[in-house]
Amino acid sequence: MTASAPVVWGTTFVVTTELLPAGHPLFAGLLRALPAGLIALAITRALPRGAWWPKAAALGVLNIGVLFPLLFVAAERLPGGVAATLSATQPLIVAILAVAVLRQRPSVWSFAWGITGVVGVGLVVIGPDAGFDTVGILAGLGGAGSMALGVTLTKHWGRPQGVGPTAFAGWQLAAGGLFLAPVTFLFEGAPPAIDASAALGYLWLGLIGGLVSYVLWVRGVTTLPVTSVAVLVLLSPIMAALLGAVLLGQSLGPVQLVGFALALAAIAAGQITPKKKSTEDPTPTKGLTSTEDPTSTKDSTSTQAPKSSEERITRI
């Protein structure tokens, strides 16, 4: 269920290019976040209390408010494949933050498969015309870092007692949407004209890509191991590439197929927590029963009869 969220987010590229008016990605992000947040608040009728007001605002800004503008800058200044690969670094950043914030032990397994996932996504989406721009790269890494920190803090703080994932996601969506509102109108001006296809696209992004997906994502982040959840974001660029091939006729060669295999292997491996080898010998000493003392010097083969019925039962 958690994996379905980044799968749906992978449809954003096709929906934006095929259904939405061009030149207004921040407005699309605003409609993806704010209405969904208000709907969730209206359904649950639950508002933050006490210290959760600044916490919910921080999570909303990190997961949505800052993330969307940085992704927009990266997409504007970099080829789509490079931007997608930079966003795929999020599992690596989460692995680092899990050590710094959650006090987890460094995991070679998580780092190794995180690197494998980045390589896999890179092989899928980076084309021969890939270019590099310093501001775009910093924006792409900043977007990945912003969501990675938001995911880690969500795991660190958890959910308030008695608050379900719908309300918790609603807090973040509303906070992120309120943060995006002035940014959107400052950089994009008046909203675009919305026709039938654009309305359908905005409904998909807001209800499915916003409300439903973020509820499932928040539920997963607060329930599953944080590194296992973080690696699922690799599904987003993979889904975008698949839709590009199926709907837009984009080709997938052998290199892309190898990248698919590496990315999917990284996602699967991210759901496995290697067990540590025990330093104790689990094999019981041969010839001993659960009632015998292994340090006893008594001959276990002694034929001396028990002196009483109680001793006989003990020997048995």
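Mentor: First, a definition: rings of Phe, Tyr and Trp (its six-membered ring) pair if their centres lie within 6.5 Å, and planes under 30 degrees apart count as stacked, over 60 as edge-to-face and the rest as tilted. This is a predicted model, in which local features need pLDDT of at least 70, side-chain atom pairs count only at pLDDT 80 or more, and totals for chains, interfaces and linings use all residues. Residues are numbered from 1 along each chain as its sequence is written, and side-chain values use heavy atoms, with hydrogens and water left out.

Trainee: How many aromatic pairs does a search of the whole structure find?
Mentor: The search finds 8 aromatic pairs. In one of them, W52 and F168 have ring centres 5.5 Å apart and planes at 85°, so this pair is edge-to-face.

Trainee: Where do W52 and F168 lie?
Mentor: W52 lies in helix α4 (residues 52-65) and F168 in helix α10 (residues 165-188), so the pair ties together parts that are 116 residues apart in sequence. Helices here are DSSP runs (H or I, at least four residues), numbered from the N terminus.

Trainee: Are W52 and F168 buried or exposed?
Mentor: W52 is buried, with a relative accessible area of 12%, and F168 is buried at 0%. Buried means under 20% relative accessible area, exposed over 50%, and partly exposed in between (1.4 Å probe, protein chains only).

Trainee: And what about W52 with W171, how are their planes set?
Mentor: The ring centres of W52 and W171 are 6.3 Å apart and the planes are at 50°, so that pair is tilted. The pair links helix α4 with helix α10 across 119 residues. W171 is buried, at 6% relative accessible area.

Trainee: Which residues do ring pairs link into a cluster?
Mentor: The cluster consists of W52, W157, F168 and W171.

Trainee: What lies over the face of W52?
Mentor: K55 does, at 5.0 Å from the ring centre. A charge sits over a ring if NZ of Lys or CZ of Arg is within 6 Å of the ring centre and within 35 degrees of the ring normal.

Trainee: Changing topic, what does S146 touch?
Mentor: S146, found in helix α9 (residues 134-157), touches V61, L62, V66 and L67, not counting residues up to four places away in sequence. Contact means heavy atoms within 4.5 Å. S146 is buried, at 6% relative accessibility.

Note on methods: Helices (H or I, at least four residues) and strands (E, at least two) are DSSP runs, numbered from the N terminus.
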